[in-house]
Amino acid sequence: MIHSVRFQVDDDGVHRAYYTNRFIKTGFIKIADLLQRPPVNITVQKGIRGLMNVLYNLLRVVRFDAQEYRYDNYALLGTANTAVSYFPLNDGNGKRDAVLALYDSDAPYEIKLTKARDPIIQHTLGTGTYNPYGLDHPMTPHPRYSPQTKEMISFGVGMDFPRLKNKSTPVLFINGEGKIYRTTDVKTRTSVYQHDFAITKNFVVMQDNPNTIDPFRMMFKPFNGTPISWDNRKRTSFVLLPRTSPDDVKKSEGAKILHGDEALVDKTKEFFLPEGEECFIFHYANGWEEDDKIVFYGTHHAKLNLVRFNSRYPPPKDLLPKFYRFELDLTTGTASKQLVFGSEDALVTKLPDNVDCPIDDLVVDFCNASFEKSGEKSDFLYMCYTKAVEDISELITPDDVNKGWSLGFWQGVLKLNTTTHEVEAITYPPLMNGGEAIFQPKVNAQSEDDGYLISHVTALEPVDGAEAEYKSYIALMDAKNMSNTKSTDGEFPDGFLYCSQLPGRVPWGLHGLFLSDEFMCDESDLPEEYME
């Protein structure tokens, strides 16, 4: 489901927010209609029994009367609900600015948003917008836009046999005119699961980690084998791929730095972390080059078991992410990592007073930076935080609104200065939690952090004589003065500049995107089939 909030000034001069949502008609949701229940979640299937569940659903889907529901090989998996992103597209009819709903295991779906006060959210019903380029795989939910070159960089994901056999990940380079001008396969030592990546001025940073893909494990380990599993024997490394200019794909400054030859554009270089420091990075905040080093920040899992992670709420404490700074030394060819928040051997050893959480219990994810600094040094990074808990009894429930720490996961937002390592925070009230907080710079911003953090939050509000109610809000926070924005009249929580209630509860686990009017279309521009 896509959720949309439009901020505008109405004719009476009042600033208002308008909310709407729509289901994306993916193959997954149509198959659910056909089967009268959701298809299986492959990430939590184990062993022979799990494999039989998957095969049984596949057989039901490919029946003759189900053919009209099939979009591509991934129709059973895709929910299009991980992230939304801008993409320049060109399908032969000229370049257009598109918005795509993305999911690791399915084709992207194009979203149409109108300029109406209550935006109509529409979507393509086909196999996705990459078909004009002849690609046969899904894409990462986290493509990277390079504002310096106006290009979009993405990579393909999937569990089809040729890709698993070749142990490769295709990296896609799309120019400002919406055409793929370069595709390069990045080889890894085994087939691995990757969700996100980073870019710098001259490089693409991929990871080769112990989170390996092997569907045959479901047969060879009949009781607990999973298609994605952690391999304790495998070391973690980062793979650098040189970037090229959209105008000249045969030369690369990055190749010259890595290999001494600007023509070796497709040759990668691997940087290993020390043995015993294995990890998986779910989300990258940003990356850049500093002298002879590549620097990037990301959410670090010392180990990740997707079955355990997705089967229990809250997830097991040992699987929760910490925030790390990583360095790749171009001179020595080595990689290193540094814990950011911790009581010992960390860049930050003390949290702001308004963060009532032991620093060693701090959990961080959904990190981001100003998109204008993508691939360049960010002075500021933003991320959601919460406290690690062992049991759901430590969370607030409708039956006990005064117990625990938070409604769900994220209790607030942190801002990290990457030079001084100073930290600012906005902490939500005790009965409120939030989703991802995306940074959007102001028009004519005077500094990198001169902008807003946009998120939706949900509160559990007691009602006299009745059961407590969940209420969701859209919130705008002051990114420049996070700790100093105080509520003077109690209308909003401290740190909030604006807060408006939404018509219903909105789940917290969303990635978001801010779009200006230029990405909206008029209803008259939509084909008739979009208006169903």
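Colleague: Which ring does the charged end of Arg505 sit over?
Modeller: The ring of Tyr470, with the charged end of Arg505 4.0 Å from the ring centre. A charge sits over a ring if NZ of Lys or CZ of Arg is within 6 Å of the ring centre and within 35 degrees of the ring normal.

Colleague: And the charged end of Lys337, which ring is that over?
Modeller: That one sits over Tyr324, 5.3 Å from the centre of the ring. Tyr324 also belongs to an aromatic cluster together with Phe238, Tyr284, Phe296 and Phe326.

Colleague: Before going on, what kind of model is this, and what are the ground rules?
Modeller: It is a predicted model: local features need pLDDT of at least 70, side-chain atom pairs count only at pLDDT 80 or more, and totals for chains, interfaces and linings use all residues. Residues are numbered from 1 along each chain as its sequence is written, and side-chain values use heavy atoms, with hydrogens and water left out.

Colleague: What does the pLDDT average for the protein chain?
Modeller: The average is 82, and 81% of the residues score at least 70. pLDDT is the predictor's confidence in each residue, from 0 to 100. Over residues 64-71 it is below 50, and this stretch has 20 contacts in the model beyond near neighbours in sequence. Residues 401-406 also stay under 50, with 22 contacts beyond four places in sequence. Contact means heavy atoms within 4.5 Å.

Colleague: How many helices and strands does the protein chain have?
Modeller: Six helices and 29 strands. Helices (H or I, at least four residues) and strands (E, at least two) are DSSP runs, numbered from the N terminus. Of the 532 residues in the protein chain, 55% count as buried. Buried means under 20% relative accessible area, exposed over 50% and partly exposed in between, with a 1.4 Å probe and protein chains only.

Colleague: Switching to sheets. What is the strand order in the open sheet of four strands?
Modeller: The order is β21-β22-β23-β24, with antiparallel pairing. Two strands pair if DSSP finds at least two bridges between them. The edge strands, β21 (362-368) and β24 (423-427), each pair on one side only.

Colleague: How many bridges join β22 to β23?
Modeller: Six bridges join β22 (residues 380-387) to β23 (residues 412-417). Among the partners, Tyr385 bridges to Gly412 and Leu381 to Leu416. On the other pairing, β21 and β22 share five bridges, and Val363 has Thr386 as its bridge partner in β22.

Colleague: Is β22 covered on one face or both?
Modeller: Both. Phe380, Tyr382, Cys384 and Thr386 on one side are buried, and so are Leu381, Met383, Tyr385 and Lys387 on the other. Eight of the eight residues of β22 are buried.

Colleague: Is Tyr145 buried or partly exposed?
Modeller: Tyr145 is partly exposed, at 24% relative accessible area, while Tyr86 is buried at 16%. Another pair, Trp288 with Tyr297, is tilted: 5.9 Å centre to centre, with 35° between the planes. Both Trp288 and Tyr297 are buried.

Colleague: Last one. Where is Pro210?
Modeller: In the loop between β12 (203-208) and β13 (211-213). Pro210 counts as buried because its relative accessibility is 0%. Beyond four places in sequence it touches several residues, including Trp230, Asp231 and Cys279.

Definitions and conventions:
Rings of Phe, Tyr and Trp (its six-membered ring) pair if their centres lie within 6.5 Å; planes under 30 degrees apart count as stacked, over 60 as edge-to-face and the rest as tilted.
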